[in-house]
Structures are given as structure tokens and as C-alpha cells.
Amino acid sequence: MKKILILGATGSIGMSTLKIIKRYPEYFKIVGVTAFSNEERLKRIMSDFNVKSGGLKSKNILYRGNKIEKRTDDINEILAEDLDYDIVVNGLVGSIGFPPTLIAIERGKIIALANKETIVAYGQIIKKALKKNPKSQIRPVDSEHSALWQLLDKIDRRELEKCYITASGGVPFKKKTDVLSLADVLNHPTWSMGKKVTVDSSTMVNKGLEVIEACNLFNLKPEQIGVLIHPQSIIHAAVLLKDGTYMAHMAIPDMVLPISYALFYPFRPKEMLIGKIKEKENYDLTLHAIDADKYLSIKLAYSALDRQMTFPAVYNAANEGAVSLFLKERIQFKDIVAIIDKVMKEHSPKGRISIQNIRESEIWAKKRAIEIGEKL
Ligand SMILES: NC(=O)c1ccc[n+]([C@@H]2O[C@H](COP(=O)([O-])OP(=O)(O)OC[C@H]3O[C@@H](n4cnc5c(N)ncnc54)[C@H](OP(=O)(O)O)[C@@H]3O)[C@@H](O)[C@H]2O)c1
């Protein structure tokens, strides 16, 4: 029986996690859940799964059994620090997911990490913390990284030539970007996800973040990770070995699979929790090269990787700022990546990498992205 804390339990990742736990009550017990403002859903989860501790960020309150505490400090951090758990599922959006992740690492816990922004912005700090706390482990939940994790586990790293992650190509792959509305963008062709990650998928910033995430998780050099467009979202990642062999990971696009892999690791559930590829149907699995001119978002991610320092954090924070404006329909779709580009050009890193330094760069980049966007 594993004790589970779910940060962002009411979101898309949170709800997929609950599906698995509901099916396996003999393996998992939820000890804590958090949400931003969806109080009704949070309370329903607490009652359905008999969870004693819950946190609602928008009101800064903690539910502890029948008691309610009003707090000034962050509810995610409090639960990550106080509760007795084996695995924390981090399904928060944005780099606000970093502090509870660091606490979990320092406590030697397992982190099932969906919250990619954290490993992008604070990758260097997290790598150091993991070295210091070898009992702790990050298990990637992003489907591409879960796929890479499984592939890399099977090979001798000396055999590795290059890793590939796939992208559905976002809406721009199918439509002209200058006419895209918010509704067009939120209608992702293959995945059903939260709003921010859906917008990120459409701009392909999501893939840019994932390139940085892959380098940080698996200690890859930027030239060792490539992106291929794969509109069907069946192949999630592949590795190329030095002898010319390609090994790929394929599955129906459903986040239940990578989440269950992270929860059950090193085992797999004995039954199929998601659909399978129908043997009697024809599947055209296509892979396209990335057109670098079309995807400035990917170019900027590699540039952030090459320059390191606070550039990955700035890439992510400028995007968080720009996406927040797009979700309020204050800027157009095509403005998002242009804003990130401008903010990155203005950024000049100062001093050595530290939590404070990264945090300051993030605050500056998000504010600057919003200023630029509001003037458009
Ligand atoms: N969804 C996917 O299929 C998918 C796939 C791969 C990776 N990811 C990554 O997983 C992360 C989560 O994505 P998602 O699609 O699940 O997002 P989502 O549906 O928007 O859910 C976000 C969750 O976090 C909660 N939340 C937001 N800010 C919070 C705060 N400060 N304190 C506590 N709770 C907070 C939200 O609460 P409310 O419900 O109250 O707003 C919600 O429960 C992102 O980093 C995303 O890139 C997602």
C-alpha cells in the first residue's frame, strides 16, 4: 500500500491519477490533495476517497479532518512538508510546482512529475538536490518522458546515439496561425488536457519545454534530443542506437498510462487501463521533420538550453505571462512566441545560478511578457 499526495488533484493529471487509484484501492491510499479554486471538486474527492488533508490555494485554507485552518504560507508546501506519503503526484501548472518538489526531494520521497515547468526552470537545482538525496526519485509523467525513461531503462547508455520525442504539431500544423481563436486552440486534435498545456501544445512551446525537460531528466546534451512531428500521437518517443537500430514506444494517447507507470514502477498493472491500437484498423503512422522557420518556439528552447544560466527559466516564465494574456483574449495566438522571443533577447543573466536568482529572473520575465503583450 503506497501513500499518495496529489498536488493539483482537480486538474486533468489529477483526475487521471484518481481513475487509477479508484481501480486499485488495495495498492494506493490518498493522504492529501490540493487545488487552486475548485472547492466543490476538491471536497468531493476528499469525501469519495476518504482523504483527511486538503488544501485550497485561492482561499489559503487547509482542511484537516473536520477542522479548517487559515494559512498565510503555501498549502502545497505545507502538505509536502507535513504529511506522511510515499509518492507525490505533482500535477500543478507552472513553476509554482518547484517548492513542494524540492521539499519532497529533501524528504527522500518519490515524485511523479507532470509539472514540467518546474524541471525546466529549476533543472540545475533539482539535479543537485537529487544527488544529495539519493533515496528520492523523479518519475516522469509527461508521456514522451515516460516513454524515454522506459526505453533508456532497456539499453546500455553507451549504445545511445540520440533520443527523439514526438509532437502532434499543434494547431499550426493543420491551420493558418494568424486566424486562430482561443476556441480553435483549446480544441486539441489528440489529447484532452488543461488549458495552459493545450495552448503550449499549439504554439509548440510545450515541445520546447519538453526538450529542456528531457535534457535535465536524462542528462542529455542538446544535440542528443530531437523532435519529430507525429500527428497521430501513437509513437511518443524513440531512441537511436549507435548501430543504427531505432526503438520506439507506442501507445494510445491517454495520460493514465504514464501516470500508472510512475505509480506502479518497477511493476506494471496486470490489466490494460487504456484502449489498444485496433488490429483490424489501418493506421498510418507518419513522422515529419520539424520546419525550424515555422517553429520559433523550438528554436528558442534550444537557444535557452545552449545558453543555460537563467535562460530556461526566462523561456518558461515569459511563456507563462504571454499565455495568461492569450487565455484572457488580450493578445493573439501569433503574439505568444513573439513575446517570448523579445523577452529572451532582453534578458541578461546576473551572477551564479541559485534559487533566488532563478526566481528573480522568472518574476522579471513574466512581468516583462505581460507589459509587452499589453502594449500590443
Ligand atoms: N493534462 C495532460 O494531459 C498533461 C500531459 C503532460 C504533462 N502535463 C503537465 O501537467 C501539469 C498539469 O497539467 P493539467 O493539464 O493537469 O492542468 P490543469 O487541468 O489546469 O490542472 C491544474 C491543477 O492544478 C491546480 N492548481 C493550479 N494552481 C495551483 C496552486 N497554486 N495550488 C494548488 N493547486 C493549484 C488546479 O486547481 P483548480 O482545478 O482549482 O484550478 C488543478 O487541480 C502541467 O505542467 C502540464 O504541462 C499535462
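The model is a predicted one. Around the ligand there are 29 residues, and helix α1 (12–23) gives the largest share of that shell. Helix α9 (residues 195–203) also contributes to the shell, and α9 packs against helix α13 (residues 311–327) as well.

**Around the ligand**

- The closest of the 29 surrounding residues are Gly 8, Gly 11, Ala 114, Met 193 and Gly 194.
- Two or more residues of the shell come from each of α1 (12–23), β2 (28–35), α5 (116–121) and α9.
- The share from α1 amounts to three residues, the largest of any.
- By type, the shell holds twelve nonpolar, twelve polar and five charged residues.

**Where α9 meets α13**

- The axes of α9 and α13 are 10 Å apart and cross at an angle of about 105 degrees.
- The two helices α9 and α13 are therefore roughly perpendicular to each other.
- On the α9 side the contact uses Lys 195, Lys 196, Val 199 and Asp 200, and on the α13 side Asn 319, Val 323, Phe 326 and Leu 327.
- The residues of this contact divide into four nonpolar, one polar and three charged.

- Met 204 sits in the loop between α9 and α10, and its phi is near 70 degrees, a positive value in a residue other than glycine.
- With 27 other C-beta atoms within 10 Å, Met 204 is buried.
- Helix α10 (residues 205–218) has 14 residues, which at 1.5 Å a residue should span 20 Å; its end C-alpha atoms are 20 Å apart, in agreement with that.
- Because 13 of its 14 residues are buried, α10 is largely enclosed by the rest of the structure.
- Asn 219 follows α10 and belongs to the loop between α10 and β10 (225–229).
- Phi of Asn 219 is also positive in a residue other than glycine, near 50 degrees.
- Asn 219 counts as exposed because it has 10 C-beta neighbours inside 10 Å, whereas Met 204 is buried.

**Ile 119 in α5**

- Ile 119 is placed in helix α5 and counts as buried, with 32 C-beta neighbours inside 10 Å.
- Beyond its neighbours within four places in sequence, Ile 119 is in contact with Leu 113, Ile 126, Glu 213, Asn 216 and Leu 217.
- Ile 119 and Leu 217 are 98 residues apart in sequence, yet their C-alpha atoms are 7.8 Å apart in space.

**Two prolines to look at**

- Pro 99 is found in helix α4 (residues 98–106), and with 19 C-beta neighbours inside 10 Å it counts as partly exposed.
- Setting aside neighbours within four places in sequence, the contacts of Pro 99 are with Asp 74 and Glu 77.
- From Pro 99 to Tyr 24 there are 75 residues along the chain, and their C-alpha atoms are separated by 29 Å.
- Pro 266 lies in the loop between α11 (256–264) and α12 (296–307).
- The peptide bond leading from Tyr 265 into Pro 266 is cis, with omega near 10 degrees.

Key. Residues are numbered from 1 along each chain as its sequence is written. This is a predicted model: local features need pLDDT of at least 70, side-chain atom pairs count only at pLDDT 80 or more; totals for chains, interfaces and linings use all residues. Axes are lines fitted to C-alpha atoms, for helices over the stretch in contact, and angles run from 0 to 180 degrees between N-to-C directions. Helices (H or I, at least four residues) and strands (E, at least two) are DSSP runs, numbered from the N terminus. Angles under 35 degrees count as roughly parallel, over 145 as roughly antiparallel, 65 to 115 as roughly perpendicular and the rest as oblique. Two residues are in contact if their C-beta atoms, placed from the backbone, lie within 7 Å. Ala, Val, Leu, Ile, Met, Phe, Trp, Tyr, Cys and Pro count as nonpolar, Asp, Glu, Lys and Arg as charged, and the others, Gly among them, as polar. The expected span of a helix is 1.5 Å times one less than its number of residues. A residue is buried if 20 or more other C-beta atoms lie within 10 Å of its own, exposed if 12 or fewer, and partly exposed in between; C-beta atoms are placed from the backbone. A residue is near a molecule or strand if its C-beta atom, placed from the backbone, lies within 6 Å of it.
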